[in-house]
Amino acid sequence: MAITGAAGLLAAWEAGLAAPPAGRALLLHRTARPDLDDRALPGLPVGEREADLFTLRRTLFGERMQVRLDCARCGADLEFELDAGEFARTLGERPDPVVRVEHGGWRAEFRLPAVADLTAAARTPDPRAALLARCLVTAEHDGRAVTAAELPAAVQRRIAEAAEAADPGADVTLTVACPECGRTTRAELDIVSYLWTELDAWARDLLLDVHLLATAYGWSEPEILALSPLRRRYYLELCADD
């Protein structure tokens with residue numbers, strides 16, 4: 001994975017400030033996968049995007065992720081660490097893009113939903129039905145071709161279970177036991193939101209560094225961003241000693 005420099009990350013952050021969550025997700029994914037163009041990224045399975053973002057997070061900010069949740073029962077503050085590298089490795093296995101289900105004379109092939117599928121389905125009155133219709137490749141009952149709307153609930157449930165098993169990264173859910181009351185709390189880990197929050201804090205800190213160094217030395221922003229983080233920090237320490 002080729003990660004852009006400080007100037008490129010700042011540009012991505014600036015572009016994302018006024019963007020909706022879907023736009024920020026695309027900006028982050030573009031940063032993680034510079035080998036692909038914007039037309040290809042929305043067509044990747046959701047779990048592949050999540051794996052790419054965990055890899056980006058590890059590269060930019062390290063392995064350890066601090067996570068905080070509130071206990072669903074007693075409200076206690078639950079704070080713990082996760083390993084971004086482990087998530088990236090676990091979710092990085094590329095699944096077969098099509099799952100196959102057989103149940104009581106029904107047969108169906110269903111491709112794993114991509115980011116574009118979820119976005120389009122979310123705009124409809126019934127996202128689940130829209131997603132099934134978009135991603136159903138073929139379906140038949142006793143040799144007769146059928147539509148997504150004709151599939152019984154049991155077959156639809158089997159398809160959803162098969163897709164979840166094939167692409168577990170599409171829905172990363174944490175299960176944490178509360179040390180205060182013992183109740184288990186489940187929560188989705190939204191890597192897009194998590195990573196964007198970290199990038200936002202990093203960008204604002206970096207701009208403060210640019211301001212301080214520009215004031216002290218008269219350097220331009222490109223000159224300051226071209227410095228390594230270690231050299232920037234050293235110059236900032238010299239400024240503080242003056």
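In which kind of crossing, left-handed or right-handed, does α1 pass α2? The crossing is right-handed. The model described here is predicted.

**Helix packing**

- Helix α1 covers residues 6-16 and helix α2 covers residues 21-32.
- The axes of α1 and α2 lie 9 Å apart, and the two helices pack at an angle of about 165°.
- Angles over 145 degrees count as roughly antiparallel, so α1 and α2 are roughly antiparallel to each other.
- Another packed pair is helix α3, residues 46-61, with α8: their axes come within 10 Å and cross at roughly 25°.
- Because angles under 35 degrees count as roughly parallel, α3 and α8 are described as roughly parallel to each other.
- α3 passes α8 in a left-handed crossing, whereas the crossing of α1 and α2 is right-handed.

**Helix α8 and its ends**

- Helix α8 runs over residues 191-217, which makes 27 residues.
- At 1.5 Å a residue, α8 should span 39 Å; the C-alpha atoms at its ends are 38 Å apart, so the two values agree.
- At the N-terminal end, α8 is capped by D190.
- In this cap, a side-chain oxygen of D190 lies 3.2 Å from the backbone nitrogen of V192.
- After α8 comes G218, which has a positive phi, near 75°.

**Cysteines**

- A disulfide is a covalent bond between the sulfur atoms of two cysteines.
- The structure holds zero disulfides.
- C74 is in no disulfide, and its nearest cysteine sulfur, that of C71, is 3.7 Å away.

**A positive phi in a loop**

- Most residues other than glycine have a negative phi.
- D142 is not a glycine, yet its phi is positive, near 50°.
- D142 sits in the loop between β5 (136-141) and β6 (144-145).
- With a relative accessibility of 62%, D142 counts as exposed.

Conventions: Residues are numbered from 1 along each chain as its sequence is written. This is a predicted model: local features need pLDDT of at least 70, side-chain atom pairs count only at pLDDT 80 or more; totals for chains, interfaces and linings use all residues. Side-chain values use heavy atoms; hydrogens and water are left out. Helices (H or I, at least four residues) and strands (E, at least two) are DSSP runs, numbered from the N terminus. The expected span of a helix is 1.5 Å times one less than its number of residues. A polar contact is a pair of N or O atoms within 3.5 Å; within protein, one must be able to donate a hydrogen and the other to accept it, and residues adjacent in sequence count only if both atoms are side-chain atoms. A disulfide is a pair of cysteine sulfur atoms within 2.5 Å. Buried means under 20% relative accessible area, exposed over 50%, partly exposed in between (1.4 Å probe, protein chains only). Axes are lines fitted to C-alpha atoms, for helices over the stretch in contact, and angles run from 0 to 180 degrees between N-to-C directions. Angles under 35 degrees count as roughly parallel, over 145 as roughly antiparallel, 65 to 115 as roughly perpendicular and the rest as oblique. A crossing is left-handed if the near helix is turned anticlockwise from the far one by less than a right angle, and right-handed if clockwise.
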